[in-house]
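This report describes selected local features of a protein model. The sequence and structure are shown first.

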Amino acid sequence: MNEVRVLPLKYCIPGLMRAGSDVAVGGNVILRRGAVITDGIIGALKKNEVPEATIILNSESQDYYSDYKMNKPAEQCLAEYALGYKKIKRDLMRIFIKRSYTYENIRAIAEMLIANASGVSKGSVFLCVDGVRPIDEYLYTHSINVALLAYLMFGWMGMSGDEERIELVMAGLLHDIGKIKIDKNIISKTSVFDAAEMRIIKKHPLYGHEILCEIDGISDRIKEAVYSHHEKINGSGYPRGLKGGDIGLFARMLSICDIYDAMMANKVYRPRQSSFHVFDVFMNDKLNGNLDFEMVTMFLERISGDFVGKMVKLDNGLSGKIIFMNPVDYSRPMVQVGKLIINTETDRVAVTDVLD
Ligand SMILES: [Fe+2]
(Lines give C-alpha, C1' and ligand atoms only; values in the text may rest on other atoms or scores of the structure.)
Protein backbone atom coordinates (compact mmCIF):
# COMPACT_ATOMS: atom_id res chain seq x y z
CA MET A 1 0.00 0.00 0.00
CA ASN A 2 1.25 3.50 -0.81
CA GLU A 3 2.13 5.82 2.05
CA VAL A 4 2.68 9.58 2.06
CA ARG A 5 5.69 10.79 4.05
CA VAL A 6 7.87 13.88 4.30
CA LEU A 7 11.48 13.15 3.32
CA PRO A 8 14.60 15.34 3.32
CA LEU A 9 15.79 15.99 -0.24
CA LYS A 10 18.79 13.68 0.09
CA TYR A 11 16.36 10.76 0.47
CA CYS A 12 14.22 11.83 -2.54
CA ILE A 13 15.28 9.53 -5.38
CA PRO A 14 14.82 10.87 -8.95
CA GLY A 15 12.69 8.66 -11.17
CA LEU A 16 11.56 6.45 -8.30
CA MET A 17 9.28 8.76 -6.32
CA ARG A 18 6.26 10.99 -6.88
CA ALA A 19 5.29 14.16 -5.02
CA GLY A 20 2.58 13.74 -2.39
CA SER A 21 1.65 17.43 -2.33
CA ASP A 22 2.21 20.71 -4.21
CA VAL A 23 5.19 22.87 -3.25
CA ALA A 24 4.77 26.59 -3.90
CA VAL A 25 7.38 29.30 -3.42
CA GLY A 26 6.26 32.91 -3.51
CA GLY A 27 2.95 31.92 -5.13
CA ASN A 28 4.62 29.84 -7.89
CA VAL A 29 4.06 26.10 -7.80
CA ILE A 30 7.46 24.46 -8.38
CA LEU A 31 6.28 20.90 -7.68
CA ARG A 32 2.85 19.49 -8.42
CA ARG A 33 1.25 16.63 -6.49
CA GLY A 34 1.71 13.40 -8.43
CA ALA A 35 4.71 14.64 -10.46
CA VAL A 36 7.69 12.29 -10.75
CA ILE A 37 10.67 13.59 -8.79
CA THR A 38 13.54 14.44 -11.15
CA ASP A 39 17.05 15.83 -10.73
CA GLY A 40 15.71 19.14 -12.07
CA ILE A 41 12.96 19.26 -9.45
CA ILE A 42 15.39 18.46 -6.62
CA GLY A 43 17.69 21.22 -7.94
CA ALA A 44 14.78 23.70 -8.01
CA LEU A 45 13.76 22.79 -4.45
CA LYS A 46 17.34 23.23 -3.22
CA LYS A 47 17.66 26.55 -5.05
CA ASN A 48 14.53 27.77 -3.27
CA GLU A 49 15.81 26.48 0.09
CA VAL A 50 13.02 23.91 0.44
CA PRO A 51 14.70 21.22 2.60
CA GLU A 52 12.20 18.39 2.17
CA ALA A 53 9.33 17.13 0.02
CA THR A 54 6.18 15.14 0.65
CA ILE A 55 6.58 11.87 -1.19
CA ILE A 56 4.20 9.07 -2.18
CA LEU A 57 6.05 5.92 -1.18
CA ASN A 58 5.32 2.70 -3.04
CA SER A 59 6.81 -0.72 -2.34
CA GLU A 60 9.96 0.18 -4.34
CA SER A 61 10.70 3.43 -2.55
CA GLN A 62 9.64 2.29 0.93
CA ASP A 63 13.21 1.13 1.73
CA TYR A 64 14.52 4.68 1.39
CA TYR A 65 12.07 5.84 4.05
CA SER A 66 13.11 2.95 6.31
CA ASP A 67 16.73 3.95 5.83
CA TYR A 68 15.89 7.57 6.65
CA LYS A 69 13.99 6.46 9.77
CA MET A 70 17.02 4.48 10.93
CA ASN A 71 19.43 7.36 10.42
CA LYS A 72 17.51 10.54 11.09
CA PRO A 73 18.53 12.59 14.12
CA ALA A 74 16.65 12.08 17.38
CA GLU A 75 15.45 15.70 17.37
CA GLN A 76 13.78 15.15 13.99
CA CYS A 77 12.04 12.02 15.33
CA LEU A 78 10.82 14.03 18.29
CA ALA A 79 9.51 16.87 16.09
CA GLU A 80 7.59 14.40 13.90
CA TYR A 81 6.30 12.44 16.87
CA ALA A 82 5.18 15.65 18.62
CA LEU A 83 2.96 16.62 15.68
CA GLY A 84 0.80 13.47 15.87
CA TYR A 85 1.07 13.31 19.65
CA LYS A 86 -0.96 16.53 20.06
CA LYS A 87 -3.94 15.06 18.21
CA ILE A 88 -3.68 11.73 20.04
CA LYS A 89 -3.73 13.53 23.39
CA ARG A 90 -6.64 15.76 22.38
CA ASP A 91 -8.70 12.75 21.27
CA LEU A 92 -7.87 10.71 24.37
CA MET A 93 -8.79 13.63 26.66
CA ARG A 94 -12.06 14.11 24.83
CA ILE A 95 -13.20 10.51 25.06
CA PHE A 96 -12.16 10.16 28.73
CA ILE A 97 -13.82 13.41 29.75
CA LYS A 98 -17.00 12.79 27.74
CA ARG A 99 -17.02 9.11 28.79
CA SER A 100 -17.27 8.22 25.10
CA TYR A 101 -14.77 5.39 25.37
CA THR A 102 -16.25 2.92 22.95
CA TYR A 103 -14.14 0.09 21.52
CA GLU A 104 -14.03 1.85 18.14
CA ASN A 105 -12.89 5.18 19.64
CA ILE A 106 -10.08 3.59 21.67
CA ARG A 107 -8.98 1.44 18.76
CA ALA A 108 -8.84 4.51 16.46
CA ILE A 109 -6.50 6.27 18.92
CA ALA A 110 -4.35 3.14 19.23
CA GLU A 111 -4.07 2.96 15.42
CA MET A 112 -3.10 6.63 15.29
CA LEU A 113 -0.47 6.07 17.98
CA ILE A 114 1.02 3.10 16.12
CA ALA A 115 1.26 5.10 12.88
CA ASN A 116 2.83 8.00 14.77
CA ALA A 117 5.26 5.80 16.69
CA SER A 118 6.59 4.07 13.60
CA GLY A 119 8.99 7.01 13.10
CA VAL A 120 10.40 6.81 16.63
CA SER A 121 13.90 5.48 16.19
CA LYS A 122 16.70 4.41 18.45
CA GLY A 123 17.99 7.40 20.33
CA SER A 124 14.71 9.31 20.46
CA VAL A 125 12.63 7.22 22.89
CA PHE A 126 13.96 9.13 25.87
CA LEU A 127 13.03 12.44 24.20
CA CYS A 128 9.56 11.26 23.19
CA VAL A 129 8.52 10.21 26.69
CA ASP A 130 10.12 13.20 28.32
CA GLY A 131 8.07 16.31 28.31
CA VAL A 132 6.25 18.80 30.38
CA ARG A 133 3.08 17.45 31.94
CA PRO A 134 0.50 19.86 33.28
CA ILE A 135 -1.05 18.26 36.37
CA ASP A 136 -4.55 18.14 34.86
CA GLU A 137 -3.21 16.41 31.75
CA TYR A 138 -0.96 13.93 33.56
CA LEU A 139 -3.30 10.97 33.09
CA TYR A 140 -3.38 11.44 29.31
CA THR A 141 0.35 12.08 28.85
CA HIS A 142 1.20 9.10 31.03
CA SER A 143 -1.30 6.80 29.28
CA ILE A 144 0.08 7.72 25.84
CA ASN A 145 3.68 7.28 27.00
CA VAL A 146 2.92 3.86 28.48
CA ALA A 147 1.18 2.86 25.23
CA LEU A 148 4.18 4.10 23.20
CA LEU A 149 6.67 2.22 25.40
CA ALA A 150 4.52 -0.92 25.21
CA TYR A 151 4.45 -0.59 21.40
CA LEU A 152 8.26 -0.37 21.36
CA MET A 153 8.62 -3.28 23.79
CA PHE A 154 6.45 -5.39 21.51
CA GLY A 155 9.05 -4.94 18.76
CA TRP A 156 12.05 -5.31 21.08
CA MET A 157 10.70 -8.63 22.35
CA GLY A 158 10.26 -9.93 18.81
CA MET A 159 6.49 -10.30 19.26
CA SER A 160 4.35 -10.38 16.14
CA GLY A 161 0.73 -10.05 15.06
CA ASP A 162 -1.06 -6.80 14.23
CA GLU A 163 -4.06 -7.66 16.38
CA GLU A 164 -1.94 -8.52 19.39
CA ARG A 165 0.03 -5.29 19.01
CA ILE A 166 -3.07 -3.12 18.78
CA GLU A 167 -4.56 -4.79 21.86
CA LEU A 168 -1.37 -4.12 23.81
CA VAL A 169 -1.40 -0.45 22.77
CA MET A 170 -5.10 -0.18 23.70
CA ALA A 171 -4.29 -1.70 27.11
CA GLY A 172 -1.53 0.91 27.52
CA LEU A 173 -3.95 3.74 26.70
CA LEU A 174 -6.54 2.33 29.11
CA HIS A 175 -4.36 1.07 31.96
CA ASP A 176 -5.18 3.94 34.35
CA ILE A 177 -8.75 4.63 33.14
CA GLY A 178 -9.99 3.61 36.61
CA LYS A 179 -8.56 6.87 37.95
CA ILE A 180 -11.48 8.76 36.42
CA LYS A 181 -13.68 7.20 39.12
CA ILE A 182 -11.49 8.62 41.90
CA ASP A 183 -12.06 12.02 43.51
CA LYS A 184 -10.25 14.71 41.50
CA ASN A 185 -8.99 16.32 44.70
CA ILE A 186 -7.03 13.17 45.46
CA ILE A 187 -5.84 12.49 41.91
CA SER A 188 -4.55 16.01 41.35
CA LYS A 189 -3.07 16.42 44.82
CA THR A 190 0.29 18.14 44.66
CA SER A 191 1.77 16.51 47.76
CA VAL A 192 2.46 12.91 48.72
CA PHE A 193 -0.66 10.75 49.34
CA ASP A 194 -1.46 9.78 52.94
CA ALA A 195 -2.35 6.16 53.84
CA ALA A 196 -6.12 6.65 53.41
CA GLU A 197 -5.67 8.33 50.03
CA MET A 198 -3.27 5.60 48.96
CA ARG A 199 -5.91 2.95 49.77
CA ILE A 200 -8.32 4.77 47.46
CA ILE A 201 -5.73 5.22 44.70
CA LYS A 202 -4.95 1.50 44.83
CA LYS A 203 -8.49 0.75 43.76
CA HIS A 204 -7.96 2.17 40.27
CA PRO A 205 -7.03 -1.16 38.59
CA LEU A 206 -10.29 -2.62 39.93
CA TYR A 207 -12.29 0.43 38.79
CA GLY A 208 -10.57 0.25 35.40
CA HIS A 209 -11.55 -3.39 35.06
CA GLU A 210 -15.17 -2.51 35.96
CA ILE A 211 -15.29 0.26 33.35
CA LEU A 212 -13.85 -1.99 30.64
CA CYS A 213 -16.34 -4.76 31.45
CA GLU A 214 -19.08 -2.35 30.39
CA ILE A 215 -17.51 -1.59 27.00
CA ASP A 216 -18.58 -3.92 24.20
CA GLY A 217 -15.72 -5.46 22.24
CA ILE A 218 -12.88 -4.98 24.76
CA SER A 219 -11.04 -8.30 24.95
CA ASP A 220 -10.38 -10.24 28.14
CA ARG A 221 -6.67 -9.79 27.51
CA ILE A 222 -7.00 -5.98 27.71
CA LYS A 223 -9.25 -6.16 30.79
CA GLU A 224 -6.81 -8.49 32.54
CA ALA A 225 -3.81 -6.28 31.70
CA VAL A 226 -5.55 -3.22 33.15
CA TYR A 227 -6.62 -5.16 36.26
CA SER A 228 -3.09 -6.51 36.88
CA HIS A 229 -0.73 -3.67 35.89
CA HIS A 230 0.27 -3.05 39.55
CA GLU A 231 0.80 -6.70 40.42
CA LYS A 232 4.39 -7.77 41.19
CA ILE A 233 6.08 -11.04 40.25
CA ASN A 234 6.88 -11.75 43.94
CA GLY A 235 3.26 -11.23 45.02
CA SER A 236 3.79 -7.83 46.67
CA GLY A 237 1.58 -5.91 44.23
CA TYR A 238 -2.10 -4.95 44.22
CA PRO A 239 -5.09 -5.31 44.00
CA ARG A 240 -5.02 -9.13 44.13
CA GLY A 241 -1.43 -9.93 45.15
CA LEU A 242 -1.00 -12.20 42.12
CA LYS A 243 2.33 -13.96 41.62
CA GLY A 244 4.61 -14.91 38.72
CA GLY A 245 2.86 -16.68 35.88
CA ASP A 246 -0.59 -15.70 37.21
CA ILE A 247 0.17 -12.20 35.93
CA GLY A 248 -0.46 -12.05 32.19
CA LEU A 249 2.19 -11.09 29.63
CA PHE A 250 0.58 -7.72 28.79
CA ALA A 251 0.33 -6.74 32.48
CA ARG A 252 4.00 -7.62 33.06
CA MET A 253 4.96 -5.45 30.07
CA LEU A 254 2.73 -2.56 31.13
CA SER A 255 4.06 -2.55 34.70
CA ILE A 256 7.61 -1.90 33.42
CA CYS A 257 6.45 0.87 31.05
CA ASP A 258 4.29 2.36 33.82
CA ILE A 259 7.11 2.53 36.37
CA TYR A 260 9.58 3.97 33.86
CA ASP A 261 7.25 6.73 32.70
CA ALA A 262 6.00 7.58 36.20
CA MET A 263 9.59 8.02 37.40
CA MET A 264 10.49 10.14 34.39
CA ALA A 265 7.59 12.53 35.08
CA ASN A 266 8.05 15.93 36.58
CA LYS A 267 5.67 15.92 39.51
CA VAL A 268 4.80 18.95 41.54
CA TYR A 269 5.93 17.31 44.79
CA ARG A 270 8.95 15.68 43.23
CA PRO A 271 11.05 16.81 40.27
CA ARG A 272 11.74 14.42 37.42
CA GLN A 273 14.17 11.71 38.45
CA SER A 274 17.47 11.49 36.64
CA SER A 275 17.33 8.59 34.17
CA PHE A 276 20.26 7.14 36.07
CA HIS A 277 18.34 7.13 39.31
CA VAL A 278 15.54 5.42 37.36
CA PHE A 279 18.01 2.75 36.21
CA ASP A 280 19.03 2.29 39.85
CA VAL A 281 15.42 1.77 40.95
CA PHE A 282 14.85 -0.68 38.10
CA MET A 283 17.96 -2.67 39.00
CA ASN A 284 16.65 -2.94 42.58
CA ASP A 285 13.17 -3.89 41.37
CA LYS A 286 14.75 -6.51 39.17
CA LEU A 287 16.82 -7.94 42.01
CA ASN A 288 13.89 -7.83 44.46
CA GLY A 289 11.79 -9.92 42.11
CA ASN A 290 9.16 -7.22 41.62
CA LEU A 291 9.37 -7.26 37.84
CA ASP A 292 9.76 -9.92 35.19
CA PHE A 293 13.54 -10.48 35.23
CA GLU A 294 14.05 -11.20 31.53
CA MET A 295 11.74 -8.46 30.42
CA VAL A 296 13.22 -5.73 32.58
CA THR A 297 16.75 -6.77 31.55
CA MET A 298 15.80 -6.37 27.90
CA PHE A 299 13.97 -3.07 28.58
CA LEU A 300 16.97 -1.58 30.39
CA GLU A 301 19.32 -2.71 27.67
CA ARG A 302 17.22 -0.98 25.00
CA ILE A 303 16.44 2.20 26.91
CA SER A 304 19.99 2.62 28.19
CA GLY A 305 21.40 2.31 24.65
CA ASP A 306 19.92 5.74 23.93
CA PHE A 307 22.29 7.35 26.40
CA VAL A 308 25.58 6.46 24.75
CA GLY A 309 27.01 9.74 23.42
CA LYS A 310 24.93 11.96 25.72
CA MET A 311 26.47 14.64 27.92
CA VAL A 312 25.87 14.08 31.64
CA LYS A 313 26.61 15.88 34.87
CA LEU A 314 28.46 14.05 37.64
CA ASP A 315 28.22 14.59 41.39
CA ASN A 316 31.94 15.49 41.50
CA GLY A 317 31.12 18.69 39.61
CA LEU A 318 32.43 17.50 36.23
CA SER A 319 30.46 16.96 33.02
CA GLY A 320 31.30 14.49 30.30
CA LYS A 321 30.07 12.21 27.55
CA ILE A 322 28.86 8.65 28.12
CA ILE A 323 31.00 6.25 26.16
CA PHE A 324 29.77 2.93 27.55
CA MET A 325 26.71 1.72 29.45
CA ASN A 326 27.52 -0.87 32.10
CA PRO A 327 25.20 -3.87 31.49
CA VAL A 328 25.67 -5.08 35.07
CA ASP A 329 24.52 -1.74 36.46
CA TYR A 330 23.10 0.72 33.92
CA SER A 331 23.15 3.55 36.44
CA ARG A 332 26.98 3.39 36.45
CA PRO A 333 28.24 4.20 32.92
CA MET A 334 31.75 5.06 31.73
CA VAL A 335 32.03 8.80 31.15
CA GLN A 336 34.69 10.65 29.19
CA VAL A 337 35.68 14.05 30.58
CA GLY A 338 38.22 15.54 28.21
CA LYS A 339 40.99 12.97 28.06
CA LEU A 340 39.94 11.39 31.35
CA ILE A 341 37.75 8.25 31.39
CA ILE A 342 35.69 7.92 34.56
CA ASN A 343 34.25 4.54 35.49
CA THR A 344 31.38 5.71 37.68
CA GLU A 345 31.11 2.25 39.24
CA THR A 346 34.68 1.90 40.50
CA ASP A 347 35.41 5.62 40.91
CA ARG A 348 32.33 6.03 43.14
CA VAL A 349 30.90 8.92 41.16
CA ALA A 350 27.18 9.25 40.39
CA VAL A 351 25.48 10.68 37.32
CA THR A 352 23.12 13.40 38.50
CA ASP A 353 21.57 14.57 35.24
CA VAL A 354 21.49 14.27 31.47
CA LEU A 355 22.44 17.57 29.82
CA ASP A 356 21.28 17.08 26.21
FE1 LIG B 1 -1.89 2.51 37.45
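In which loop is P239 found? P239 lies in the loop between α11 (220-228) and α12 (249-264). The peptide bond leading from Y238 to P239 is cis, with omega near 5°.

## Basis of the model

The model is predicted: local features need pLDDT of at least 70, side-chain atom pairs count only at pLDDT 80 or more, and totals for chains, interfaces and linings use all residues. Residue numbers start from 1 along each chain as its sequence is written. Helices (H or I, at least four residues) and strands (E, at least two) are DSSP runs, numbered from the N terminus.

## Positive phi in loops

E49, a residue other than glycine, has a positive phi near 55°. E49 is located in the loop between α1 (39-47) and β5 (52-57). With 7 C-beta neighbours inside 10 Å, E49 counts as exposed. A residue is exposed if 12 or fewer other C-beta atoms, placed from the backbone, lie within 10 Å of its own, buried if there are 20 or more, and partly exposed in between.

R99 is not a glycine either, and its phi is positive, about 55°. This residue belongs to the loop between α3 (74-97) and α4 (103-117). R99 is exposed, having 9 other C-beta atoms within 10 Å.

## Helix α6

Helix α6 covers residues 138-156; at 1.5 Å a residue its 19 residues should span 27 Å, and the 26 Å between its end C-alpha atoms agrees with this. The expected span is 1.5 Å times one less than the number of residues. Of the 19 residues in α6, 15 are buried. G158, with a positive phi near 70°, follows the helix.

## Packing of α4 and α7

The axes of α4 and α7 (residues 162-174) come within 9 Å and cross at roughly 110°. The two helices are therefore roughly perpendicular (65 to 115 degrees). Axes are lines fitted to C-alpha atoms, for helices over the stretch in contact, and angles run from 0 to 180 degrees between N-to-C directions.

Residues are in contact if their C-beta atoms, placed from the backbone, lie within 7 Å. On the α4 side the contact includes I106, I109 and L113, and on the α7 side it includes I166, V169 and L173. The contact comprises 10 nonpolar, no polar and three charged residues.

## The five-stranded sheet

An open sheet of five strands, paired antiparallel, has the order β9-β8-β7-β6-β10. β9 (340-343) and β10 (351-354) are the edge strands; each has a single partner, so one side of each lacks a neighbour in the sheet. Pairing requires at least two DSSP bridges between two strands. β8 (residues 334-337) and β9 are joined by four bridges, and V337 has L340 in β9 as its bridge partner.

Technical notes: Parallel < 35°, antiparallel > 145°, perpendicular 65-115°, else oblique. Contact = placed C-beta atoms within 7 Å. Nonpolar A, V, L, I, M, F, W, Y, C, P; charged D, E, K, R; others polar.
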